[in-house]
Amino acid sequence: MQTLLLLLLLSHLTGVLPSPVDTTNRTDVGGLVQDHHIDLDWLGTLLKGFGPVLVPQPTPSRQSAVSDDADDNQSESRANGDVGDDSQLESRADADVSDDSQSEIRADANVGDDNQSESIADADVGDNSQSESRAGAGVGDPPKEATLIRKPLSVDSDFLEALLANEDEEDITGKDWNYGQLNHDDIENRIEEGATENYAAEIEGLVANANLENSRTDDAIAATESSGGKISESVTATPGQDFTDDKDEGNTDADESASLNSVEDQDTEIDNAIDESPEEDLVLGTGTPAISSWYNSEEFYDDLYPYTGWEDPGEGWGWPVLPTEVPDTTPEQIHISWGNASSQMVVMWSTRSRGIGRVQYGIAPGNYSQEVAAEYSYFWYGNNEGLQHVYRAVLTDLLLNRTYSYKLVCGEEERSGFQFTAKRDDLDWSPELLVYGDMGRVGGAPSLERLTREAETGKYAAVLHVGDFAYDLHTQGGKYGDDFMNRIQEIATKLAYMTCPGNHEIEFDFNPYLTRFSMPQSAWPGSMDKMWYSFNLGRAHFISYSSEVYFTESPEEEQYRWLVQDLTEANSAENRTLHPWIIAFGHRPMYCSNVDGDDCTTPRSKVRAGLEDLFYRQGVDIIIEAHEHSYERLWPVYNYTLMGTDYRDPRAPVHIISGAAGCNEFDGVCINPMMGPKGPWSAFRAWLPGMYGYGRLRVQNSSHVHWEQVLAVNGQVIDSAWIVQHHHHPFGEE
Ligand SMILES: [Fe+2]
């Protein structure tokens, strides 16, 4: 991988490739300037992570990048100003117009170069087939030096013990049983593999010992045979022994009958003993309670069965005693989301033990004058090892746009020090949201750190997590879910954490997702029959839909009916005037440039077949997706047809895929490659390893929306764009 990156970097720097590693890429989209930068210092840092490499020194192009950084700041200042004035925007139209390839940060300039493809395949790029290629890369390689060193002069004690072990007791009457343990071929192999002469000598000694043991066994068997074959006499009678298996052909019928009678008698005696014995004699000869002894034995103490004793009511039966659990109702995994009304906020948390939960809250720090009781749900399905007591409190009648303090009280425990700002319901503001999918419990750490700082700024209205949360919420019996929810707590206690399901939420009928989160217009805990909702924010109408209806039992017809109804209402003259932007978000993309064989890589995409026509006819302006662990922004597109190469009054939805928050599918690099040819609709894409990040979406006003993608590792904005629409209406009716 480092070779690939080096080649690409050097190629770009020396001008072999048509455009440099996008130190300054500026795209003019209908007079709206987008700036893309890759900081060479950052790239050097990234490359260092893959081994010793040459880090490029500052060059004139670097200076250019610096100057454009400043330019970017100007752009930001401008963005926060009155950007609804098109003339101001158009004054920025003096930048170079760059083609698609320039507006792309990628390592695929030599697409089709087998060597490069091979190098990529060597990396951990998330594609199964490629992972397999990597796994097999070592086959046929010359052995490393270390493997040529002969093994040290030591005896493999485990192996030697195994040689002498007699685990094959069923063959006790077989003469060769011990030879079965002494596989001379194995011994020879061991010697060939690196055993020394000493090793071999010890092996020979052990063989001699084993032969001696066999000899003794032979002698014992011979002695037994000479004594009339009464082997059973030397065997201690134990319950369940098959006394009828008498192989002594020399016995008379009378003896045999007597023997059988004797066996029957013994069985009867055993049965009577079990029936009449006091409880302490349940196991013959032990004098101690049978099950109790077993459960209380030292070897029974383990993590899987942590029983501490045996509860026995004195009637010969009972049950294991579980460890005495100290009740712990300390709330954790605390997060908030918007409710059905703007004046509501939903607060959720989990505890180890069950308690009575409530939320106390009020305006101004330390004011907890209001209180609301929490609902409770026992959460086991898909969570048998996680915290199983989940609470949900709906705070109502909040004053819009006011900041509230809140604390959670559960049983004897409480958690305080949290604040949120109630949802704004007015139109004259520019809500900004943090947007990402596919974060992962561990893989999303870089994104999580920066997002935590973002949440503290107070400038964001909410988070849109576009599916795929912990990889997976149910993994390790839900412990992954617990861990993930605690990791996002710093964000999700401040900002409404709005979600949609991804493919990593499918297991257990989506129950871990539907229990851990509560979304508007749905019961809690939810069901897979209703995993979609909408809300208004500023000048936008947001729709959360489920792409998973096309891959699971979740009813796609139900969602489709709901979408038709919701979009029809959103398109009423009044609503489309108040909230002209319609922004939908769902997990799996309809289009993508990735080459991993997912649904979006084929024109037969199920999600596209299911929703594209509807979204086009209802004039959905922007569709935010994830699932692919990369970033891609598309030109307006419909039915695989490019509908323009700018964002001035687009004539079809604009798709943005922001699924690069981190994922968690592999240790280390997690990315889905885009090595193949891209569609004409691909405006910008970024997928290099380490390019984890998230998006910022701002609904500036009725006609302007701003989008930018941020690199988690350094906070750099790698892509930004204005989308301008003056005539929001169903597409195809021009
Ligand atoms: Fe996914």
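Start by selecting Glu 449, which at 51% relative accessibility counts as exposed (over 50% relative accessible area; buried is under 20%, partly exposed in between, with a 1.4 Å probe and protein chains only). The model is predicted, so local features need pLDDT of at least 70 and side-chain atom pairs pLDDT 80 or more, while totals for chains, interfaces and linings use all residues. Residues are numbered from 1 along each chain as its sequence is written, and side-chain values use heavy atoms, with hydrogens and water left out.

Helices (H or I, at least four residues) and strands (E, at least two) are DSSP runs, numbered from the N terminus. Arg 453 is partly exposed, with a relative accessible area of 44%. The structure holds 18 salt bridges.

**Helix H15**

Next select Asp 483 and Arg 487, a salt bridge with its closest N and O atoms 3.0 Å apart. Here too the spacing is four residues, within helix H15 (residues 479-487), about one helical turn. Asp 483 is partly exposed at 23%, as is Arg 487 at 30%.

Go to Arg 698 and Glu 432, whose closest N and O atoms are 3.7 Å apart in a salt bridge. This pair links distant parts of the chain, 266 residues apart: Arg 698 lies in strand S25 (residues 693-699) and Glu 432 in strand S13 (residues 432-436). Are these residues buried or exposed? Arg 698 is buried at 4% relative accessibility, and Glu 432 is buried at 6%.

**The seven-stranded sheet**

Select the open sheet with the order S16-S17-S18-S19-S23-S20-S24 and mixed pairing (two strands pair if DSSP finds at least two bridges between them). Strands S16 (533-537) and S24 (682-686) stand at the edges with a single partner strand each, so one side of each has no neighbour in the sheet.

Zoom in on strand S20 (residues 631-634) and strand S23 (residues 654-658), which run antiparallel and are joined by three bridges. Tyr 631 stands opposite Ser 658 in S23.

Key. Salt bridge = Lys/Arg side-chain N within 4 Å of Asp/Glu carboxyl O.
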